[in-house]
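Please keep the model in view while reading.

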Amino acid sequence: MSHSARRIFTKGLQAIHAGWVIAGITLLALLLLEVGVRVRRYVAARPSSGPVSYVAGDPHAESWFADYEREFQATRGLRWRPYVYYRRAPSPPGRYITIDSLGHRRTPQPTQPATPVARVFLYGGSTMWGEPQREQRTIAAEVARRLQPLAGPGARIEVTNVGETAYVFTQELIQLELDLRAGLRPDVVVFYDGINDVAAAVQRGTPGEPQNESNRVADFTLGRALAGAKYGEVRQDLSALSVLGGLAFKRLALVQWAQERKPRRVPHFIAADSTARGVARTYAENAMLVEMLAARYHFTPVFVWQPNFHATEKRLNPFEQRLMRRIERDSLHLQLQAVHRLVPALLDSAMRDVAPGRFVNAASLFKGDTQAVYVDMIGHTTETSVPAIVDSFWPTLASVMTRQLEHSRR
């Protein structure tokens, strides 16, 4: 090799070495920045070590809340369920939360005699499931306590909490169909809905869809992209690797930090009155389908439009005032508020002929009330508010159950 060739070769090696050094230093700097951002985020998320002061209604002030939260987080593992997307996985018996083999939250109630004289199924979202409430203080538990005297001496009425986080009425209707197909036979079915149906309609502008449907679309697209790699074609393998690389890149704290600093796009919403009409129409159509199932499977449905925080007319305590100020600064929540204010009147009209005497509009519940009711902007409620919630539909439920029992005893 000539002297000039060796010199060129040596310079090439030096350039490669310098490139590797620069790349290494750059990667090290990025790694240190990534670690720094993650540490800062972790420190910011930790609760203050100083004394904590709570305002009335804050669930964190309850002595049992830490244990409840620990059990709640342990039961957040979801299992895929066809048609309804998911339900919670069974959990070991807990002090406040237990999930049975069917994915239902346990409801305290008598278990003897073995065969109940009637069965009541309660469908709904997280407010029916009982978040953030101990199992002894959920809507289902309160209903179970009130129903037992109607059963008569030596008998019992069985109550099943079929509620699941984020479910909308359509998912509950499908879940009911699956339950009936599996051979379950309720005598009375209660649907407790409103918050999730409005939220889902505002999210996508399409009433009747489940919440966070865009996430399911993304899951499907991702699954199809990754599944193609199993056929072994180089192009598909490279496509799958690029998808995984993109996901890993988006998970970097540095990338998320940069995204948080980008100007937020102003969201576009369908007009509130149009969305409200769609929500009411979809709700009434679902109720008609339930009525058809009820005629075939011989159960009686009760429909409850639940109270919600966005359009509440209660007298807000300091904690609720703080929540309302957050709503007033957020365009999404302002849209939710506008729709919530319009739907109840539309439902009164739509449901009049669908389920005469069996639709309860509890939207104005707590009007003028001063007690602590709402624990977050979603509309979850305190344990102390549960009796009033059940009061709103108890006359209807008790009347329906009494007629069912009289019919079964003939």
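Helix 3 (126-129) and helix 6 each give at least two residues to the lining of the second largest cavity. Helices here are DSSP runs of H or I with at least four residues, strands are runs of E with at least two, and both are numbered from the N terminus. A cavity is a set of points on a 1 Å grid over the protein atoms alone where a 1.4 Å probe fits but cannot get out; a pocket is an open set with protein on both sides within 12 Å along at least five of seven lines, and lining residues have an atom within 4 Å of a point. Grid points are joined across faces, edges and corners, and a volume is the space filled by probe spheres set on the points.

The model is predicted: local features need pLDDT of at least 70 and side-chain atom pairs count only at pLDDT 80 or more, while totals for chains, interfaces and linings use all residues. Residues are numbered from 1 along each chain as its sequence is written, and side-chain values use heavy atoms, with hydrogens and water left out.

The second largest cavity holds about 30 Å³. Its lining consists of Gly125, Ser126, Thr127, Ile195, Asn196, Gln306 and Ile378. By class these are 2 nonpolar, 5 polar and no charged residues, where Ala, Val, Leu, Ile, Met, Phe, Trp, Tyr, Cys and Pro count as nonpolar, Asp, Glu, Lys and Arg as charged, and the others, Gly among them, as polar. The whole structure has 2 cavities of 30 Å³ or more. The largest cavity has a volume of about 70 Å³, and helix 6 and helix 10 (272-297) each supply at least two of its lining residues. Among the residues around the largest cavity are Val168, Asp197, Pro207 and Tyr283.

Turning to the open spaces, the largest pocket has a volume of about 720 Å³. It is lined by 30 residues, and those closest to its centre are Ala166, Asn196, Gln211, Asn212 and Ile378. The lining of the largest pocket divides into 12 nonpolar, 13 polar and 5 charged residues. The second largest pocket, at about 350 Å³, has 18 lining residues, with Asp100, His104, Glu158, Val159 and Thr160 closest to its centre. Strand 4 (157-161) and strand 3 (118-124) each give two or more residues to this lining.

Rings of Phe, Tyr and Trp (its six-membered ring) pair if their centres lie within 6.5 Å; planes under 30 degrees apart count as stacked, over 60 as edge-to-face and the rest as tilted. Tyr123 and Phe191 are stacked because their ring centres are 5.2 Å apart and their planes at 20 degrees. Tyr123 is buried at 0% relative accessibility, where buried means under 20% relative accessible area, exposed over 50% and partly exposed in between (1.4 Å probe, protein chains only). Phe191 is buried as well, at 0%. Both belong to one aromatic cluster that includes Phe121, Tyr283 and Trp305.
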